Amino acid sequence: MEDGTRKSGDLWSGIALGGLGATIIVQASHWEYSSPEGPGPGFFPIWYGIAMLALAALLVVSQLRATPGDAKAVDWKRIGRAISVWAALAGSVALFKILGFVLSFALLTYFIVTVLYRRPIRTAAIAAVASAAGFYLVFDWALGLSLPSGMLGF
Amino acid sequence: MDILTGLLNGFSVALAPANLLWCFVGVFLGTVVGVLPGLGPPATIAMLLPLTFSMNPTGAIIMLAGIYYGAKYGGSTTSILMNVPGESASVVTCIDGYQMARKGRAGAALGIAAIASFVAGTVGVLALMLVAPPLAKFALSFSSPEYFALMSLGLALVVLLAGRSIVKALLAALVGLWIASIGTDLFSTNSRFTFGRMELLSGIDFIVVAIGVFALGEVLGNMEVREETQLLQVPRGLRNLLPTWQDLKDCRFAFVNGSVIGFIVGTLPGGGSTIASFLSYGLEKAVSRRRDQFGTGVIEGVAAPEGANNSETGGALVPLLTLGIPGSGTTAILLAALVLWGFKPGPLFIPEHPDLFWGLVASMYIGNVMLLVLNLPLVPLFAQVLRMPVYLLYPIILGVSLVGV
């Protein structure tokens with residue numbers, strides 16, 4: 001396997017989608033394929049699972065056969081930034097029940113401003129407080145949409 | 001006569017104070033969204049969709065459509081001032097628009113973009129009004145085989161919307177089908193892919209997927225890099241934004257070209273405003289007497305794509321409202337919005353909901369006038385939006401997305 005090909009994002013997403021296709025086929029094989037009334041609950045998933053597996057295999061093979069120059073290498077630094085935002089977002093959602101929306105969102109903003117955009121702590125703190133307060137005022141107070149509250153009651 | 005009656009009825013709906021307000025909110029938000037690189041109309045509409053559930057559907061569709069075509073006006077601002085397209089359809093505007101700005105003609109470029117958008121946008125709505133009702137009438141004769149063919153066409157469109165890789169497009173469509181089949185099977189009441197979770201029995205809401213794909217996807221994509229761009233000076237005063245008489249004369253064909261190409265490409269499912277703007281630019285360059293100067297700051301090179309970009313909106317609404325087929329990400333969200341409000345876009349949509357259809361058409365005429373007023377004298381104000389730091393913008397988008405979900 002050439003270096004450029006190994007680093008290709010298409011190769012890794014092809015492998016992941018192939019795995020998903022296989023999982024769908026395995027799951028769907030436990031459901032009824034057809035019934036006297038017509039196709040059963042397993043009919044459609046089995047076929048799109050097979051199609052997914054076949055297309056994913058095609059993607060992987062085309063990447064393996066590509067010349068190193070053709071494959072676009074994964075920029076892990078960029079991907080890392082995106083994944084860290086996604087993880088921070090997921091973390092803040094998980095904290096809703098404990099801290100509530102306002103505090104969780106303030107923490108998320110603080111993380112993005114300080115860690116990802118390398119702004120001073122003071123700027124990040126002001127941005128976090130102001131944006132969280134803005135959300136509370138607009139959605140909870142003005143529009144009457146109750147934002148998820150935490151143990152502190154807001 | 002039917003059209004005239006419908007249009008008059010539409011104006012009586014669109015001119016109701018509440019609908020006028022929603023139209024203004026839509027075009028204003030659309031302009032802001034268009035100006036901001038990294039936040040597109042699909043993401044904005046997806047984020048705001050949950051907030052429209054408590055609204056009157058007519059006001060809601062008027063507002064969401066306003067965001068759709070308003071963003072196309074705003075998209076040219078960053079193309080001209082920063083060489084960064086606010087929307088994918090404004091990519092081609094960068095070529096001559098930015099060069100005009102560098103030569104000190106940013107005002108004329110912004111002005112002609114707004115005027116071309118207004119002219120072609122209005123022609124697009126006029127064509128929508130003339131084409132949609134007869135097409136819907138024709139589609140009324142459809143029965144099961146034709147509907148099956150339409151559904152197949154809708155799924156096949158994924159290939160057209162895909163870009164370069166058909167394999168990746170089909171894989172994305174299959175992932176979509178998988179997400180859609182999570183939950184309880186309607187015919188057998190079997191639960192599929194729920195992994196024993198009660199929350200998944202009713203499936204995954206479209207709005208959750210839409211916000212995830214459009215809003216979060218866009219933010220995550222933009223946050224991969226920490227980029228900063230330089231904003232060129234925006235001329236102040238209406239006089240500095242108005243193109244000269246000679247400019248308007250030079251753009252005569254560009255207005256026609258943009259209007260016609262934009263609408264035709266818009267009606268083709270999978271066409272899209274990006275293709276329309278490139279085609280229009282290509283045609284303008286091919287027929288121009290000064291084709292060798294294109295790329296150096298030629299005003300027709302701004303007028304033609306911006307016109308096509310806006311005329312495309314009217315065209316794109318034809319298959320959406322008469323056949324229920326969306327041709328782009330934004331029209332897909334609009335389709336979902338209509339379905340979520342309890343409507344069924346298709347051949348029966350116009351006869352069953354004339355107020356909604358004609359109200360939307362009339363509001364688009366009004367919205368285009370509002371946008372011309374907003375985008376000529378107020379463009380320096382909108383350009384100030386670009387000074388908002390991205391480290392503040394992205395958390396806000398994430399927050400609105402979370403509230404929406």
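Predicted model: local features only at pLDDT ≥ 70, side-chain atom pairs only at ≥ 80, totals over all residues.

Biologist: Fine. How many residues of chain A are in contact with chain B?

Modeller: On chain A, 42 residues are in contact, and they meet 35 residues of chain B.

Biologist: And how much area do the two chains bury?

Modeller: About 3,700 Å² between them. Carbon and sulfur atoms account for 79% of that.

Biologist: What about salt bridges across the interface of chain A and chain B, how many does the rule find?

Modeller: One. It joins the side chains of D10(A) and K168(B), at 3.0 Å from N to O.

Biologist: Which elements of chain A touch chain B with two or more residues?

Modeller: These are α2 (9-28), α3 (43-65), α4 (76-94), α5 and α6 of chain A. By class, that side of chain A has 33 nonpolar, four polar and five charged residues.

Biologist: How many salt bridges over all chains?

Modeller: The count comes to seven. The D10(A) to K168(B) pair runs from helix α2 of chain A to helix α8 (residues 166-180) of chain B.

Biologist: Switching topic. At what angle do α5 and α6 of chain A cross?

Modeller: Roughly 145°, with the axes coming within 8 Å. Helix α5 covers residues 96-116 and helix α6 covers residues 121-142.

Biologist: Is that crossing right-handed or left-handed?

Modeller: The crossing of α5(A) and α6(A) is right-handed.

Biologist: Which residues meet there?

Modeller: From α5(A), they include F101(A), F105(A), Y110(A) and V113(A). From α6(A), they include I121(A), A128(A), F135(A) and Y136(A).

Biologist: And by class, what does the contact of α5(A) with α6(A) have?

Modeller: It has 14 nonpolar residues, three polar and no charged ones.

Methods: Residues numbered from 1 in each chain as written. Chains lettered and ligands numbered in written order. Heavy atoms only, no water. Axes fitted to C-alpha atoms, helices over the stretch in contact; angles between N-to-C directions. Helix = DSSP H or I, 4+ residues; strand = E, 2+ residues; numbered from the N terminus. Left-handed = near helix turned anticlockwise from the far one by under 90°. Contact = heavy atoms within 4.5 Å. Nonpolar A, V, L, I, M, F, W, Y, C, P; charged D, E, K, R; others polar. Buried area = accessible area lost by both parts, 1.4 Å probe. Salt bridge = Lys/Arg side-chain N within 4 Å of Asp/Glu carboxyl O.
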